[in-house]
Amino acid sequence: LVIVCTTIIVESRKASSSLDENESEIRERFLRPKTYRVADYEEEIAPWHLYEDAAAEARSQPLHLARNADNPVRIYDYEPDAPSFNYLPMEHTIHQQRARQEPRGDGTSYWYTGLFHHTDTDERAPTVLGPERPTTTTATSNVPSNAVTVAVYYYPWYHTDFHGRKYIRGELQPPQMPVLGEYNDRSSKVLARHLEWSRQANVNLWVTSWWGPDSETDITTSNYIFKHRDLRDMKLCLLYETMGRVDVETNNTNRVYNDIAYAAETYFNHPNYHRIDGRPVMFVYLTRTLERRELLKDVLSKMRTAAFKKGHLLYIVGDHTYGSPPETKLKALDWLDAVTNYDIFGSMGRPDGFAKRKRVNKYSREQAAWKRAANAQGCAYIPGATPGYNDKAVRQGDYNAMSRKLNKQQGYGSLFRILLRQGRKLVDSKTNNLLIVNSFNEWHEDTQIEPVVEGGATVLPWFLTRGRVYRGYGELYLNILRRETTRRSPRKRSSNLNATINL
């Protein structure tokens with residue numbers, strides 16, 4: 001690694017009055033470019049941190065150098081054709097310090113602390129970032145405390161043959177078909193309807209399944225969803241499908257770096273890409289599996305480095321809060337920016353038919369404990385909710401499906417309703433009170449809230465339903481989501497829910 005400093009003039013703030021008198025002499029002294037090796041840089045210049053002026057458009061604008069906050073000096077680049085400098089905030093380095101930006105003087109100049117590199121000699125410096133989340137100042141939430149930001153997992157994989165047509169609603173006798181039929185999700189009309197339904201249900205964010213560059217999900221997301229004329233204020237971010245990109249059997253993580261570099265170039269600069277604290281957000285599936293396989297540190301390091309070298313501080317949400325909360329500190333909670341739980345069905349112990357209130361309350365207490373553990377280590381938390389689960393049309397396991405009814409006596413949608421209510425109690429202001437629904441349209445696992453044709457009920461075929469009644473629910477789950485996430489005026493409510501759960 002070589003760092004090149006082009007022709008510069010150093011001006012101490014204390015000696016600024018004499019700068020003009022000696023300018024020609026100093027220019028002559030620094031006319032030739034100077035080259036430093038990394039070892040020399042670390043030894044001789046490490047206390048000094050260079051930044052490009054935030055307001056600078058032209059090369060003649062000042063670059064700033066600071067030994068510390070109280071002793072800044074100013075340097076100028078006098079060589080018109082010299083390459084520019086880019087700044088690397090301290091939060092990107094092992095120092096884990098927040099870069100400070102303060103207006104000085106007439107308000108057009110800024111002083112910073114941080115490291116510098118030269119774009120011609122080391123455009124990718126530093127070489128590797130660690131897995132640790134950068135230290136940033138969390139922005140004040142602009143969401144009222146009694147409001148939520150609603151996200152859904154969205155699956156852009158129905159381009160041809162409805163992704164293999166293996167979904168229980170299509171296998172029922174008679175079938176209960178999607179209102180839009182077995183659609184092509186690259187159709188502008190289909191996407192327009194999905195966006196319309198999302199807004200109807202208070203959904204603000206689609207977390208889209210992503211299987212890497214040039215995959216079907218990538219093409220649909222980049223070429224059709226992000227370019228849709230009705231996108232308007234809908235936000236989107238990617239769900240990194242880890243099991244399709246990381247080989248956990250051979251510990252091969254080679255695709256991760258290029259995947260994130262591609263995502264940064266393709267998505268992160270789009271105005272509709274979701275950000276928290278100004279940082280692009282990426283959900284990562286099964287980080288808990290990566291941790292168990294001792295791959296998490298490597299994967300997160302590659303993700304952060306790849307995004308950083310494209311100019312982004314990545315905000316990583318890990319699928320991690322599965323099952324019982326930790327009894328001791330987890331490294332993962334130091335590394336991830338936020339955590340959530342994708343598999344609610346599994347985390348509740350794969351209920352035998354009806355989940356029932358006792359099991360749901362236990363799940364919510366465990367998630368509350370996960371939130372406390374995460375927050376104690378500076379990590380945010382995102383609660384989730386799901387309407388039900390049945391993947392038997394695509395997988396055969398030795399467990400029953402989870403009904404969309406909380407218990408035999410309550411109606412359809414009762415499970416979804418209680419999970420939403422308990423999830424609202426756990427939203428985290430550090431994520432703008434984000435709550436995520438699994439899912440908008442994962443038909444294979446029957447977690448979708450997307451409407452099906454209304455009416456009719458069946459228990460056939462038995463090997464798929466296990467005797468549970470399936471009914472065409474129409475827009476029921478969109479309506480439940482809207483009602484349960486609409487901002488309410490604060491008031492005391494007495495309910496069985498509040499009486500039976502202690503979060």
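A charge is taken to sit over a ring if NZ of Lys or CZ of Arg is within 6 Å of the ring centre and within 35 degrees of the ring normal. In this predicted model, R468 lies over the face of F354, at 4.8 Å from the ring centre.

**Arginine over aromatic rings**
- R288 is placed over the face of Y322, and here the distance from the ring centre is 4.0 Å.

**Aromatic pairs and cluster**
- The structure contains 23 aromatic pairs.
- One of these is formed by Y155 and W157, whose rings are tilted, with 4.7 Å centre to centre and 35° between the planes.
- Y155 and W157 are both buried.
- One aromatic cluster brings together Y155, W157, Y158, F162, Y167, Y183 and W443.

**Strand 13 and its partners**
- Strand 13 (residues 235–240) is largely enclosed by the rest of the structure, because five of its six residues are buried.
- Strand 12 (residues 203–210) runs parallel to strand 13 and is joined to it by six bridges; in this pairing, W206 stands opposite L236 of strand 13.
- Between strand 12 and strand 13 the chain passes through helix 5 (residues 216–225), giving a right-handed β-α-β crossover.
- Strand 15 (residues 279–284) is also parallel to strand 13, with three bridges joining the two.
- L238 is found opposite M282, a residue of strand 15.

Notes:
Residues are numbered from 1 along each chain as its sequence is written. This is a predicted model: local features need pLDDT of at least 70, side-chain atom pairs count only at pLDDT 80 or more; totals for chains, interfaces and linings use all residues. Side-chain values use heavy atoms; hydrogens and water are left out. Rings of Phe, Tyr and Trp (its six-membered ring) pair if their centres lie within 6.5 Å; planes under 30 degrees apart count as stacked, over 60 as edge-to-face and the rest as tilted. Buried means under 20% relative accessible area, exposed over 50%, partly exposed in between (1.4 Å probe, protein chains only). Helices (H or I, at least four residues) and strands (E, at least two) are DSSP runs, numbered from the N terminus. Two strands pair if DSSP finds at least two bridges between them. A crossover is right-handed if, with the strands pointing away from the viewer, the path from the first strand over the helix to the second runs clockwise.
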